[in-house]
Amino acid sequence: MSLQEDQHYIERTLAGDTHAFASLVDRYKHMVYTLALRMVKNREEAEEVAQDVFFKVFQGLDRFKGDAKFSTWLYKIAYNRSLDYVKKQSRDLDTSPIDAFTERYVRSMENTLEGLEREERSKTIKEAMQELSPDDSFLITLHYYEELSLSEIAAIMDENANTVKVRLFRSRKRLAEILKNRLEPETIRSYGRK
């Protein structure tokens, strides 16, 4: 579905066609659920947040101006609703700095991952992302899985692109630390078998 198709379904929804809104939901439901899951880290809660997001989108669709892409507007709502839910549940957002790790170290961990089988790598990364803070997981998901640009992510998070770039870099370092802790024991065990 293109931007023009999104706009077509938006206009039809505003004219009272609920089936048109269902088309928008079908297109974006997986993305919204995935982003919510990255932040709330519980499937049932993520489903609840995703439903809440689409309810809020339906109620506020007349306020969508079209200045940004519909998906960017939707991401922003999903991010804010997920963040509200995490805060409401009094969960701690881990924002501790990890400046001890260098870019070279992050690259080294990425190179280590290249040696794993694709399926195993995907599983390992998904498990590691569950250990990240909601914000870190959300940033990595938007940039690497949803392939959004820094400026699109900045619009979603109400921050400037440079801030998002720094936060994304730190999120990657946190992920690298988690992966290092997961992979080193496995590497040590595999050398012990020979």
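Partly exposed residues are those with a relative accessible area between the buried limit of under 20% and the exposed limit of over 50%. The legends below use these words for a predicted model.

**View 1. Lys29 and Asp26 pair within helix α2.** Lys29 has a relative accessible area of 45%, so Lys29 is partly exposed. The side chain of Lys29 forms a salt bridge with Asp26. The closest N and O atoms are 3.5 Å apart. The two residues are three apart in helix α2, which means that about one helical turn separates them.

**View 2. A salt bridge joins Lys69 to Glu152.** The N to O distance is 2.7 Å. Lys69 lies in the loop between α3 and α4, and Glu152 lies in helix α8 (residues 150-157), so the bridge ties together parts that are 83 residues apart in sequence. Lys69 is partly exposed at 32% relative accessibility. Glu152 counts as buried, at 18%.

**View 3. Arg27 meets Asp6 in a salt bridge.** Their side chains come to 2.8 Å, N to O. Arg27 belongs to helix α2 and Asp6 to helix α1 (residues 3-14). The partners are 21 residues apart, and the pair links distant parts of the chain. Asp6 is buried, with a relative accessible area of 2%. Arg27 is partly exposed at 34%.

**View 4. Asp52, Arg81 and Asp84 form one salt-bridge network.** Shared partners join these residues. The count for the structure comes to 10 salt bridges.

**View 5. Phe21 and Phe58 make an edge-to-face pair.** The structure holds six aromatic pairs. In this one, the ring centres are 5.0 Å apart. The planes stand at 65°, and planes over 60 degrees apart count as edge-to-face, so the pair takes that label. Phe21 lies in helix α2 (residues 18-40) and Phe58 in helix α3 (residues 43-60), so the pair ties together parts 37 residues apart in sequence. Phe21 is buried, at 10% relative accessibility. Phe58 is partly exposed, at 40%.

**View 6. Tyr28, Phe64, Phe70 and Trp73 form one aromatic cluster.** Phe64 and Phe70 are both buried.

**View 7. Arg38 places its charged end over the ring of Tyr145.** The charged end of Arg38 sits 5.5 Å from the ring centre.

Methods
Residues numbered from 1 in each chain as written. Predicted model: local features only at pLDDT ≥ 70, side-chain atom pairs only at ≥ 80, totals over all residues. Heavy atoms only, no water. Phe/Tyr/Trp six-rings, centres within 6.5 Å; stacked < 30°, edge-to-face > 60°. Helix = DSSP H or I, 4+ residues; strand = E, 2+ residues; numbered from the N terminus. Buried < 20%, exposed > 50% of the residue type's maximum accessible area, 1.4 Å probe, protein only. Lys NZ or Arg CZ within 6 Å of the ring centre and 35° of its normal. Salt bridge = Lys/Arg side-chain N within 4 Å of Asp/Glu carboxyl O.
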